[in-house]
Amino acid sequence: MNNLRFARQFLLHPKQLGTLVQSGRMLANRMADEVEGCVQVVELGAGTGPVTREILRRLPESASLTCFEINREFCRCLESIDDPRLRVVNDDAAKCERYVDRADCVVSGLPLTLFDGRAREAILAIARRSGRFIQLQYTTALSRDIRRHFSDVRLKFVPLNFPPAFLYICTCSCKVHVL
Ligand SMILES: C[S@@+](CC[C@H](N)C(=O)[O-])C[C@H]1O[C@@H](n2cnc3c(N)ncnc32)[C@H](O)[C@@H]1O
């Protein structure tokens with residue numbers, strides 16, 4: 001059902017979604033595993049929420065997860081997740097500092113390679129301040145931009161997804177947690 005909804009929205013907004021289908025279970029799990037130990041998490045471009053649900057499964061009771069999603073229909077899916085730790089914001093991820101002042105991890109499904117250079121840099125600068133950044137991509141084209149912002153970058157390949165995906169696992173020694 002969510003895959004159909006996703007495909008329909010892709011036909012309407014291809015550049016905003018960047019892919020025809022939502023992340024599969026294995027990819028969502030691999031992304032969510034990376035938030036282990038975090039308590040204030042921000043998710044950018046949460047879509048219909050496959051990664052959101054897995055992150056919530058791993059967070060402690062006292063944690064918070066704030067999701068930014070620009071597509072109103074996807075926000076309705078996210079709002080149907082019944083969890084007091086979750087806050088859904090229907091706005092541009094680049095404005096996340098207006099809503100959240102701290103984060104110890106930023107998880108992103110944003111199609112950053114389709115963003116213009118300025119918007120991409122704005123997102124990477126926000127993510128860097130959290131100190132920990134997990135970014136989903138379908139190519140490695142973003143490597144150079146990401147390495148300029150983070151002192152440690154690991155690339156994980158997740159082949160069992162359509163399309164096969166890469167995860168950038170990034171940490172920055174200059175973390176301040178304040179967005
Ligand atoms: C590749 S999809 C990933 C969706 C979901 N995280 C997943 O893994 O299935 C990218 C998502 O980013 C959202 N998006 C694109 N630009 C955005 C922006 N500037 N601010 C917030 N969300 C945005 C799209 O609407 C879409 O839901």
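My notes on these points follow. I am working from a predicted model.

**Ligand shell.** I looked up the residues around the ligand first. The ligand is surrounded by 22 residues, and I noted Gln22, Ser23, Gly45, Gly47 and Gly109 as the closest. I sorted the shell by residue class and got 11 nonpolar, 9 polar and 2 charged residues. Helices α2 (14–17) and α4 (50–58) each give at least two residues to this shell.

**Core.** Next I checked the largest nonpolar core, which holds 47 residues. Met31, Val41, Val106, Val107 and Ile123 have the most contacts inside this core. I took Val106 and listed its contacts, leaving out residues up to four places away in sequence: Val42, Leu44, Ile126, Ala127, Ser130 and Phe133.

**Strand β5.** I then asked how many residues of β5 (132–137) are buried. The count is 6 of 6. On one face I found Arg132, Ile134 and Leu136 buried, and on the other Phe133, Gln135 and Gln137.

**Neighbours of β5.** I looked up which strands pair with β5. Strand β4 (105–108) runs parallel to β5 and is joined to it by 3 bridges; in this pair Val107 stands opposite Ile134. Strand β7 (165–171) runs antiparallel to β5, with 6 bridges between them, and here Phe133 faces Cys170.

Last, I followed the chain from β4 through helix α6 (117–130) to β5 and recorded a right-handed β-α-β unit.

Definitions and conventions. Residues are numbered from 1 along each chain as its sequence is written. This is a predicted model: local features need pLDDT of at least 70, side-chain atom pairs count only at pLDDT 80 or more; totals for chains, interfaces and linings use all residues. A residue is near a molecule or strand if its C-beta atom, placed from the backbone, lies within 6 Å of it. Helices (H or I, at least four residues) and strands (E, at least two) are DSSP runs, numbered from the N terminus. Ala, Val, Leu, Ile, Met, Phe, Trp, Tyr, Cys and Pro count as nonpolar, Asp, Glu, Lys and Arg as charged, and the others, Gly among them, as polar. A nonpolar core is a set of buried Ala, Val, Leu, Ile, Met, Phe, Trp, Tyr and Cys residues joined through C-beta atoms within 7 Å. A residue is buried if 20 or more other C-beta atoms lie within 10 Å of its own, exposed if 12 or fewer, and partly exposed in between; C-beta atoms are placed from the backbone. Two residues are in contact if their C-beta atoms, placed from the backbone, lie within 7 Å. Two strands pair if DSSP finds at least two bridges between them. A crossover is right-handed if, with the strands pointing away from the viewer, the path from the first strand over the helix to the second runs clockwise.
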